[in-house]
Every structure is written in C-alpha cells, then in structure tokens.
Amino acid sequence: MIDSREAHDRNNAAVLGAQADALGAALPPLLVAAERLASTVALGVHGRRKSGMGETFWQFRRYAQGDARNAIDWRQSAKSQNLFVREREWEAAETVWFWHDSSSSMDFASDRNLPTKRDRANLLGLALASLLVRGGERVAIFGDRESPVSGRMALKHMTRVLTAEQSHRSAIPPEIIAEKRAQVIWFSDFLSPVSAIETALARLLGGGLSGHLVHIVDPAEQEFPYTGRARFEWKNIRRDDIFGRAEHARDEYRRRFEAQSDAVRLLARRLGWTFLAHRTDSRPEMALVALHAQIGARKSGNAMVQVAP
C-alpha cells in the first residue's frame, strides 16, 4: 500500500512537471533551442572575480591601512577581534550589439534537412547572447529601439525581434549612434557588393565600434553541385536564370564565390574586425565556441581572423 506522504509527493511532482512543460511550451522554440545550445557549449560566464566598483558582494577581508573607514562592515567585525572590509565584485559589463542580415537571400536552404541561413544565424546569435548575459554583459539588436540590457528579458526581446515578420529587409546595418567601445556581431551571407559592406564597416569603426563578421554559408552555395538543366530564381530581384548544363558554370561560379568571400575576409582583416565562416551543415557548437573565443580575445586585445568549418 502506497504511503499517503509518498502519494502526496508524487502528486506534487506531477503538478510541477506539468507546470514546467507548460512553461517550456510557452517559450519560443528559437529561444529554447538557443539556450540548449548555450548550455551544451557550457563555456560559463566571463567571471571577472576581482574587487572593484559594483553592487554584488564578493568577500570579506581584513581591514588594511589605507582602507576607507566607511568600507568597514561593523556587523562582521563584531564577530571577532578584527576589523573586516566588505568588498564588492568589479562589474564592468560590456555592450554587444547583434546585427542579422534580413535580406531574402538568407531564407535559402538547399536541402529540407538543413536550416535556412537565417535560422542558423538566429540560433547562433541568440545562443551567443545567452552566454554573454550569463557573464553580465548587455546585449541588444543593432538598430532596435530598446537599449542594451542583460538577463532573460533581453533574450526574450531579441527572440521577438528576430522572429518577427519584417516589412523592410536589409543586409546592411543602419546608420545609428551607438555606445562607443562596444562590439558588433554581424551575421550575414555577405552577398552584398563589397563596397557597400566596406562603407558600413568604416561607418561602424568611425563610431568607435569593433566587431566580428560571421559568414553564414549553405553548402550548395560553396560547392555548386547542380548538373543538367537547372533553373535558378532570384527572389530579391525577381529574376530567373536557366542553365542547359549547369555543371558548365560550376568553375566560374566557384571562382566568383571564393573571390567574394576572400574580399570580405581581407576587408575585415584590414579594418581590424574578425571573420568567421560557418556552413549550415556544420555543428553550430563549433561556431559558437569559436565566436565566443573571438569576443574574449577582443576584450583582451588579442583578436585574430578565424575560419570555422
């Protein structure tokens, strides 16, 4: 016979389980997937863990000559014969802006088993934001009216912005005044003219911003595996191209694709930004680790151009 207490505990567990399921179902799938990815990477927070200006208690230490008298914690000191100072953890949260290319080319996926470039960019961006807010950083969508903040509310707002239907789509970040010495993460397939990308980067750099370019690539865009008669539709310019033997155009296409990618990569290097290439058939964890490392290197003044699978 089941003990009444045991039955009560099981009932409570069932209720809590149902509430957890309901809470999870209420969250946007993108946010759930992004936080799961962030937890899988498990890079933890940035953890400054040293004393300084801030509001978060860190530790007590013995009073030393030169310490201000108003820093003494008299309640803690009353517990012993020594004076103790209450130290707060140094808090110097940085701002990280996210810009996601919203042009129609980002909707492309060459296979139904692959995510679109937009979906992968949104996943990586939100997962990275999740890691950053765990470290106390402030995040926001570049060009959004909301100011950069930290915590889960920032993630929820970013999710709403990224998943909202946009009436105006743009591949290039807008001209706005942003907080200087912040970082910008720019997710795109970088199919825009290199001159337009250079102008935008120069503008951001002139505004005191540094950052990272994340090149999202579908495998078919890089390999051009098509053969025989093929029809290519260009939604952004409402144009169709038909090739009788698509394989005949492969070498020239690959040459142009690599030239565009190399131009953007060299541009990033010249202007002091980092460049990370990621294919949608690769594991997102790899790109997330590499990108998070780049942000950390930027903070320590040791950023470098990097390419991921």
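This dialogue covers the salt bridges and one histidine of the structure above.

Reader: What kind of model is this, and how are residues numbered?

Author: This is a predicted model, in which local features need pLDDT of at least 70 and side-chain atom pairs count only at pLDDT 80 or more, while totals for chains, interfaces and linings use all residues. Residues are numbered from 1 along each chain as its sequence is written, and side-chain values use heavy atoms, with hydrogens and water left out.

Reader: What is a salt bridge, and how many does the structure hold?

Author: Side chains of opposite charge can pair when their charged atoms come close. A salt bridge is a side-chain nitrogen of Lys or Arg within 4 Å of a carboxyl oxygen of Asp or Glu. The structure holds 12 salt bridges.

Reader: Are Lys-117 and Asp-189 buried or exposed?

Author: Buried means under 20% relative accessible area, exposed over 50%, and partly exposed in between (1.4 Å probe, protein chains only). Lys-117 is buried at 0%, and Asp-189 is buried at 2%. Their side chains form a salt bridge of 2.8 Å, N to O. Lys-117 lies in helix α4 (residues 117-134) and Asp-189 in the loop between β5 (183-188) and α6 (194-206), so this pair ties together parts that are 72 residues apart in sequence.

Reader: Where do Arg-255 and Glu-252 lie?

Author: Both are in helix α8 (residues 250-271), three residues apart, which means a separation of about one helical turn.

Reader: What does the side chain of His-215 reach?

Author: His-215, in strand β6 (residues 210-217), is buried at 4% relative accessible area. Its side chain reaches the backbone oxygen of Asp-189 at 3.0 Å. Contact means heavy atoms within 4.5 Å. Not counting residues up to four places away in sequence, the residues that His-215 touches include Ser-188, Asp-189, Phe-257 and His-278.

Terms used: Helix = DSSP H or I, 4+ residues; strand = E, 2+ residues; numbered from the N terminus. Polar contact = N/O pair within 3.5 Å; in protein donor to acceptor, adjacent residues only side chain to side chain.
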